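I opened the model today and kept notes as I went. The entries follow the order in which I looked things up.

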Amino acid sequence: MTIRIEHLSKSYDHIPIFQNVSLELEEGGIYCLMAPSGAGKTTLLRILMGLEVPDAGTVEGLFARPVSAVFQEDRLCPHLSAAGNIRLVNPACSDAELRQELLTLLPADSLTKPVSSFSGGMRRRVSLLRAMLSRGEILLFDEPFNGLDEQIRQKAICYVQKRRNHRTLLFTTHHMEEARALEASCFLWEENALTWRAGIQLLKTGQNT
């Protein structure tokens, strides 16, 4: 089902964040929001998650559909291990399957430790694993690769490609190379209009459509 965002606007304390945003996300597509900090990328995702209410406009195609999220903050239970955090959203995952998934992005000696002992980059990887292993039909990721070094970033991007299973993905980033690696269709920010417009699809070959 296509997700339609129509004439969406949001302001705080009478200061507009974005205005008249109209976008379409086709089922199974990969989309990227690119804009400077403070342009409302996180706010738009929170509206799509149902955590914020827009001042005007509508969103169609999301009602009653489960969503998987990566927030700007990792939002993990610090006393639990990586596996424990993931079991909160996917309790049916077998021990063997879960271990295999964790080892794609985490070192083996970290698996029994609480995530409070992890570095920021490792916690980010757990947040990404949790979102990918949950059963959401829609993936809404806020700077999912933030804080990862280049080698781990590439592994994380490959993991998202492998585990997405044709689910619709909308993510935010400041890095064009992340959008290109995922061959995302980019929504580009228009500063003068305080809105996004449909832009280009970035391909790994460097040829844009």
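This is a predicted model: local features need pLDDT of at least 70, side-chain atom pairs count only at pLDDT 80 or more; totals for chains, interfaces and linings use all residues.

**Entry 1**

I then looked up the pairing as a whole. Strands β1 and β2 run antiparallel and are joined by seven bridges.

Next I checked the turn. The hairpin of β1 and β2 has two residues between the strands. Asp13 lies in this loop, between β1 (3-12) and β2 (15-25). I noted its backbone: phi of Asp13 is near 55°, a positive value in a residue other than glycine. Is Asp13 buried or exposed? I found 71% relative accessibility, so Asp13 counts as exposed.

**Entry 2: the open sheet**

I traced the strand order next. Six strands form an open sheet, in the order β5-β6-β7-β3-β8-β9, with mixed pairing. Which strands stand at the edges? They are β5 (67-70) and β9 (195-201). Each has a single partner strand, so one side of each is left without a neighbour in the sheet. I noted the twist too: from one strand to the next it averages 20°.

β8 (residues 185-190) and β9 run antiparallel, and five bridges join them. Within this pair, Glu190 stands opposite Thr195 in β9.

Glu183 lies in the loop between α6 (176-181) and β8. Its phi is about 50°, although Glu183 is not a glycine.

**Entry 3: helices**

I asked what lies across the sheet. Helix α1 (residues 41-49) lies across β3 (30-34), β5, β6 (138-142), β7 (168-173) and β9. I read its direction against β6: α1 runs at about 150° to that strand.

Then I turned to a helix pair. Helix α4 (residues 120-133) packs with helix α5 (residues 150-163) at an angle of about 5°, and their axes are 10 Å apart. Angles under 35 degrees count as roughly parallel, so α4 is roughly parallel to α5.

I listed the residues that make the contact. From α4 they are Arg125, Leu128, Leu129, Met132 and Leu133. From α5 they are Ile152, Ala156, Tyr159, Val160 and Arg163. I sorted them by class: eight are nonpolar, none is polar and two are charged.

**Entry 4: nonpolar cores**

I recalled the background first. In soluble globular proteins, nonpolar side chains tend to be buried together.

Which members of the largest nonpolar core touch the most other members? Of its 39 residues, these are Leu102, Leu128, Phe141 and Phe171. I checked where the core draws its residues from. β3, α2 (82-87), α3 (95-102), α4, β6, α5, β7 and α6 each supply at least two. α4 gives the most to this core, with seven residues.

Leaving aside neighbours within four places in sequence, Leu102 is in contact with Ala82, Ala83, Ile86, Leu111 and Leu129.

Terms used
Residues are numbered from 1 along each chain as its sequence is written. Side-chain values use heavy atoms; hydrogens and water are left out. Two strands pair if DSSP finds at least two bridges between them. Helices (H or I, at least four residues) and strands (E, at least two) are DSSP runs, numbered from the N terminus. Axes are lines fitted to C-alpha atoms, for helices over the stretch in contact, and angles run from 0 to 180 degrees between N-to-C directions. Contact means heavy atoms within 4.5 Å. Buried means under 20% relative accessible area, exposed over 50%, partly exposed in between (1.4 Å probe, protein chains only). Angles under 35 degrees count as roughly parallel, over 145 as roughly antiparallel, 65 to 115 as roughly perpendicular and the rest as oblique. Ala, Val, Leu, Ile, Met, Phe, Trp, Tyr, Cys and Pro count as nonpolar, Asp, Glu, Lys and Arg as charged, and the others, Gly among them, as polar. A nonpolar core is a set of buried Ala, Val, Leu, Ile, Met, Phe, Trp, Tyr and Cys residues joined through side-chain atoms within 4.5 Å.
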